[in-house]
Amino acid sequence: MCGRYAASRRPEDLTGLFQIEKWEPTEALAPDWNVAPTKEVYAVLERPLKDADDRRPVRQLRKLRWGLVPSFAKNPEGAARMINARAETVHEKPSFRRPFVARRCILPADGYYEWVTGTEERELEVKGKKKRPRKQPYFVTPADGSVFAMAGLYEFWRDRTLPDDHPQSWWVTCSVITTEAETGPLGVAPAEGPRSLSDIHPRMPLMLTEDRWDAWLDPARTDPDEVRELLAPPPTGLMRAYPVGTAVSSVRNNGPELLEELEAPEVGTLF
C-alpha cells in the first residue's frame with residue numbers, strides 16, 4: 001500500500017522534468033517530507049485548459065487532495081479510505097473505472113514510507129502483553145536518486161452545498177495505484193534488514209518509468225485493455241530501502257531529517 005510518502009521537489013524542478021506547459025504559482029506547495037492522506041499534493045496531468053478556445057490537452061502541474069472522492073459520492077467523508085487503488089482491479093471498481101480510462105495522473109515523490117513490526121514487539125503482541133507493537137519505518141526510493149513517479153488517478157466532485165461561484169464548490173482528488181511488491185533483490189539493500197520490497201510489505205505504489213509517462217497521461221488513450229498494459233511493474237533492482245527514525249510515524253513531524261538513514265533499525269525487525 002501507500003499510506004505516507006515524501007515530496008520535496010520544487011515546482012521549477014517538476015516543470016522541467018515532466019515538460020509542464022501550465023502551472024499556477026498560486027498553487028505552490030511547500031516541500032513535504034511526511035505526506036499523509038487528505039493533504040494537498042502535486043499531480044501531473046493532461047487536460048484542456050478551462051475556458052480556453054483551444055481544446056487540446058495541456059500538460060499541467062496541479063494541486064490535488066490525496067484521497068479520491070468519487071463523482072457520485074454524496075459527501076467527501078470517505079476520502080481518507082480512497083488513497084489507494086489496486087492495479088489488479090482498478091479497471092472494474094465503480095469508484096475508479098471511469099477515471100482509469102479518462103483521468104490519469106502522475107504523483108511525483110521522493111519515495112514512500114513503510115513500516116515493519118519488530119520480532120520482539122510481535123512476540124509481545126502474540127502474548128497479549130502489548131496491544132500496539134512498535135514498528136520500524138523504512139524509506140523506499142529510486143536507487144539513482146531520480147523522481148519516484150507514482151501512477152495515479154484523479155476525479156472531480158461537486159459540493160452541492162455551495163454555490164457555483166464558490167472557490168471550494170469543486171474538489172479535485174486523487175489516488176495512488178498500488179501493485180504487488182517486488183520479490184527480486186533491491187538495487188541497494190540496507191546492511192541488515194529487507195532484501196526485497198516484499199520483505200517490507202506485500203504492496204507498493206506502482207512506479208512509472210519515464211518511457212511510460214506520455215502514454216499514461218494521454219487522455220486520448222481510453223481503451224481499458226490498452227491502459228492496463230501500462231500497469232506492468234517496472235524492472236526490478238531500481239529501488240533502495242533503508243531504515244529511518246520513528247519520528248515519521250507521527251504526522252505532526254515534518255522535515256528533511258525524516259529521510260536521514262539510520263545505521264541500524266531503532267526497532268528490532270523480522271529479518
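Colleague: Which residues form one aromatic cluster?

Modeller: In this predicted model, one aromatic cluster is formed by Tyr113, Trp115, Phe139 and Tyr242.

Colleague: How is the pair of tyrosine 113 and phenylalanine 139 arranged?

Modeller: That aromatic pair is tilted, with 5.0 Å from centre to centre and 50° between the planes.

Colleague: Which parts does this pair of tyrosine 113 and phenylalanine 139 tie together?

Modeller: Tyrosine 113 belongs to strand β8 (residues 111–117) and phenylalanine 139 to strand β9 (residues 135–142), so the pair ties together parts that are 26 residues apart in sequence.

Colleague: Are tyrosine 113 and tryptophan 115 buried or exposed?

Modeller: Both tyrosine 113 and tryptophan 115 are buried. For tyrosine 113 the relative accessible area is 0%. Phenylalanine 139 is buried as well, with a relative accessible area of 2%. The term buried applies under 20% relative accessible area.

Colleague: Which residue lies over the face of tryptophan 171?

Modeller: Arginine 65 does, at 4.4 Å from the ring centre.

Colleague: What sits over the ring of tryptophan 216?

Modeller: The charged end of arginine 104 is placed there, 5.5 Å from the centre of the tryptophan 216 ring.

Terms used. Residues numbered from 1 in each chain as written. Predicted model: local features only at pLDDT ≥ 70, side-chain atom pairs only at ≥ 80, totals over all residues. Heavy atoms only, no water. Buried < 20%, exposed > 50% of the residue type's maximum accessible area, 1.4 Å probe, protein only. Phe/Tyr/Trp six-rings, centres within 6.5 Å; stacked < 30°, edge-to-face > 60°. Helix = DSSP H or I, 4+ residues; strand = E, 2+ residues; numbered from the N terminus. Lys NZ or Arg CZ within 6 Å of the ring centre and 35° of its normal.
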